[in-house]
Amino acid sequence: MSLEKSAQKSHFESEYKNYREQAERARKEGNAKKAARYYRQCVEVLQDIAELESSGRLTQERLELAKNLNTAADRLENDQPLVSDETDSESSTGSGSGSGGNEGRPAGGDGDGDEADPSAYLEDPPDLSFGDVGGMTDLKETLKDQVIDPLERPELYEEYNLGVVNGVLLYGPPGTGKTYITEALAGELDYNYIEAQASDITSSLVGEAAENMSEMFEVARDNQPCLLFMDEIEAIAAERSGGSQKTMSESQMITQFLTEMSETKGEDVVVVSATNLPDEIDAAAWRRFDERIEVPPPDATARGAILRVHLRERPVLTDEIEWDQIKERTDGYSASDLEIIASTAARKALKEARASDEVVPITQKHLEMAIESTKSSLEAWDK
Ligand SMILES: Nc1ncnc2c1ncn2[C@@H]1O[C@H](COP(=O)(O)OP(=O)(O)OP(=O)(O)O)[C@@H](O)[C@H]1O
Ligand SMILES: [Mg+2]
């Protein structure tokens, strides 16, 4: 295989790994539509990888996996349950070399009572920094001022009797980059990282939800400095609407959360939570976050910056792209949509490159076609 081909292949493989992780994460969050979107991306990338495989057998295996993931996407879109091992065929195809960070993680949420160790959630600092985050200038500035700087020189802040921020709540529509910026924050801080979905805590992971939560915080405190990311906080600390009482377990969970947050004060632990539904969060839990930051859909400047992030490792004639036009045409798209637009444009250019057997850079035309074929995920959200 030529060097260029193998570079292309490894690029696609890392793209596949990224999409597959996103899909599994969305599935775990119970977001079937989002999972389906990412499975479809996996399918497209796998088809490209298949074409680059040197042996017929490997090509066949890639295509087989693509077919399975396509079926999984169909089922998810039609609210049908997935046959449990349907999307796991990867390991048996031998193509799972890059199958991502979920390995060794407990399969929380399936309720089979498996005893799992919360420390399995602990990860090394993510390999992401603010340089990988397009736009979001205000948000990055706030995090630098309020979180990073105080943690880096606590004595100075102490001098002025100003505390360190231990709790940050990010809220905003899906796909706007809440998880992504949290990973970049952990990367900037070079902190250990724990990412917990609400379902990891509420499911029968270890025991009761309150106990799971307490263990998760304990792992964070034992592995300082650490960033503990608790996604879907509304499912952990829900406000009860219409005056109905919280169940015993819900109250216990919230009480535990408030206690843990207090105990974390003064430690080298930052708790970041994210939600799409800020109105559904219990008022006391809401107040416990020192910083509550809205993550809105990207504005025009951010849309350009996010696209550039996702195009920067691809052949592209940046100067020949009419960015103003692209920014305007992507109005209403989320950051995750823009990531998909960038890879769709790359795939379109690659198709031409294959036909002409030389590198064809991504141009305005490819981006426009990609925008045309990508639906905004925020449209459904707004309704
Ligand atoms: N500022 C950004 N710059 C570059 N890429 C971004 C940015 N924000 C998000 N992305 C891309 O969009 C993808 C989805 O973002 P992310 O999962 O963080 O959204 P989210 O707000 O957590 O969504 P949800 O509410 O559904 O959990 C990321 O994997 C990343 O590739
Ligand atoms: Mg998220």
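**Helix α14 and its surroundings**

Modeller: In this predicted model, helix α14 covers residues 335-356, and its 22 residues span 32 Å from the first C-alpha to the last, close to the 32 Å expected at 1.5 Å a residue. Directly after α14 comes Asp357, whose phi is positive, near 60 degrees.

The helix also takes part in the surroundings of the ligand. Ligand 1 is surrounded by 18 residues, and the closest are Pro174, Gly177, Thr179, Tyr180 and Ala335. At least two residues of this shell come from each of α7 (178-189), α12 (300-311) and α14.

Most residues other than glycine have a negative phi, and most peptide bonds are trans. Asn161 lies in the loop between α6 (154-159) and β2 (167-171). As for the peptide bonds, the one joining Gln224 and Pro225 is cis, with omega about -10 degrees. Pro225 belongs to the loop between α9 and β4 (226-230).

Helix α9 (residues 209-222) and helix α10 (residues 248-264) have axes that come within 8 Å and cross at roughly 15 degrees. Because angles under 35 degrees count as roughly parallel, α9 is roughly parallel to α10. Their crossing is right-handed. On the α9 side the contact involves Ala209, Ala210, Met213, Ser214, Phe217 and Arg221, which meet Ser249, Gln252, Met253, Gln256, Phe257, Glu260 and Thr264 of α10. These residues comprise 6 nonpolar, 5 polar and 2 charged.

Another helix pair is formed by α2 (residues 32-52) and α3 (residues 56-77), whose axes lie 8 Å apart at an angle of about 160 degrees. Because an angle over 145 degrees counts as roughly antiparallel, α2 is roughly antiparallel to α3. The crossing of this pair is left-handed. Among the residues making the contact are Tyr39, Cys42, Val43, Leu46 and Ile49 of α2, together with Leu63, Leu65, Leu69 and Leu76 of α3. The contact of α2 with α3 is made up of 16 nonpolar, 3 polar and 4 charged residues.

Terms used: Residues numbered from 1 in each chain as written. Chains lettered and ligands numbered in written order. Predicted model: local features only at pLDDT ≥ 70, side-chain atom pairs only at ≥ 80, totals over all residues. Axes fitted to C-alpha atoms, helices over the stretch in contact; angles between N-to-C directions. Helix = DSSP H or I, 4+ residues; strand = E, 2+ residues; numbered from the N terminus. Parallel < 35°, antiparallel > 145°, perpendicular 65-115°, else oblique. Left-handed = near helix turned anticlockwise from the far one by under 90°. Contact = placed C-beta atoms within 7 Å. Nonpolar A, V, L, I, M, F, W, Y, C, P; charged D, E, K, R; others polar. Expected span 1.5 Å × (residues − 1). Near = placed C-beta within 6 Å.
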